[in-house]
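Dear colleague,

I am handing over the structure we spoke about, and below it I have set out what came up when I went through it. Please read the notes with the coordinates open beside you.

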Amino acid sequence: GRAIIYQMSAELRGAVQTPVFPSAVLLVGEAHSSGGVATDSVTFSTLDVLHRRSLLGAGAEEVVAYSLEPNPQARGEFLLTRSQRSALLTSTQGAHLAAPVVLSRRVRSLHLRYFDGTRWNESWNSRRMPVLQGLPAAISIDLEMAGPNASTRWFSTAVTPAMAVLQR
């Protein structure tokens, strides 16, 4: 759980927004639920992909997505998947994209919230936001994991995308 929160935080912190001129910003967070449990998803463009850093600390822009799908082997639990592709692709049609990677088979819920500077929102769509305001001021991540002996483990953090601070 800690490793997942760390990875998501670092990648969300590196969400891309060009403050000098209007640019295409991608951060789409969707609120979902299954049986009254939060099963949110998020897709975003980032420069901070932890396992592929260049010597300078940032590589090419990548599109990363996290989502949950029901775990067919454990009722009430979900598979947390992560996918990644180059943001340089203008179309994914015909592209050979890597299959999503399962990060955990023991997730009970994933709840993401987005702070616009005034209030917390359950979803976010950068494509519908005003120019240079495509990123939220903060993102809250709450992850519930199944622990041993039917216990529950909670992991939470809040992240400020670095480029969101530049836009304000």
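Valine 64 has its bridge partner in strand 6, namely glutamine 84. The strands concerned, strand 5 and strand 6 (residues 78-86), run antiparallel to each other and are paired over nine bridges. Strand 6 also pairs with strand 7, again in the antiparallel sense, over four bridges, and here arginine 82 has valine 101 of strand 7 as its bridge partner. Please bear in mind throughout that this is a predicted model.

As for the overall make-up, the protein contains two helices and eleven strands, and their order from the N terminus is α-β-β-β-β-β-β-β-β-β-β-β-α. Of its 168 residues, 42% count as buried, while the accessible surface comes to about 9500 Å², with 53% of that belonging to carbon and sulfur atoms.

Helix 1, which covers residues 2-13 and so has twelve residues by the DSSP assignment, reaches 16 Å from its first C-alpha to its last, close to the 16 Å expected at 1.5 Å a residue. Among the buried residues of helix 1 are Ile4, Ile5, Met8 and Leu12, and also Gln7 and Glu11.

I then turned to the aromatic side chains, where a search of the whole structure gives three pairs. In one of them, the rings of phenylalanine 44 and tyrosine 66 have centres 6.4 Å apart and planes at 15°, so the pair counts as stacked.

Because tyrosine 114 lies in strand 7 (residues 101-115) and tryptophan 124 in strand 9 (residues 124-125), the pair ties together parts that are ten residues apart in sequence. Tyrosine 114 is buried, with a relative accessible area of 1%, and tryptophan 124, at 5% relative accessibility, counts as buried as well.

Finally, there is a contact between a charge and a ring to look at: the charged end of arginine 113 sits over the ring of tryptophan 120, 4.9 Å from its centre.

Terms used. Residues numbered from 1 in each chain as written. Predicted model: local features only at pLDDT ≥ 70, side-chain atom pairs only at ≥ 80, totals over all residues. Heavy atoms only, no water. Expected span 1.5 Å × (residues − 1). Buried < 20%, exposed > 50% of the residue type's maximum accessible area, 1.4 Å probe, protein only. Phe/Tyr/Trp six-rings, centres within 6.5 Å; stacked < 30°, edge-to-face > 60°. Lys NZ or Arg CZ within 6 Å of the ring centre and 35° of its normal. Pairing = 2+ DSSP bridges. Areas by Shrake-Rupley, 256 points an atom, 1.4 Å probe, with all protein chains shown as cover.
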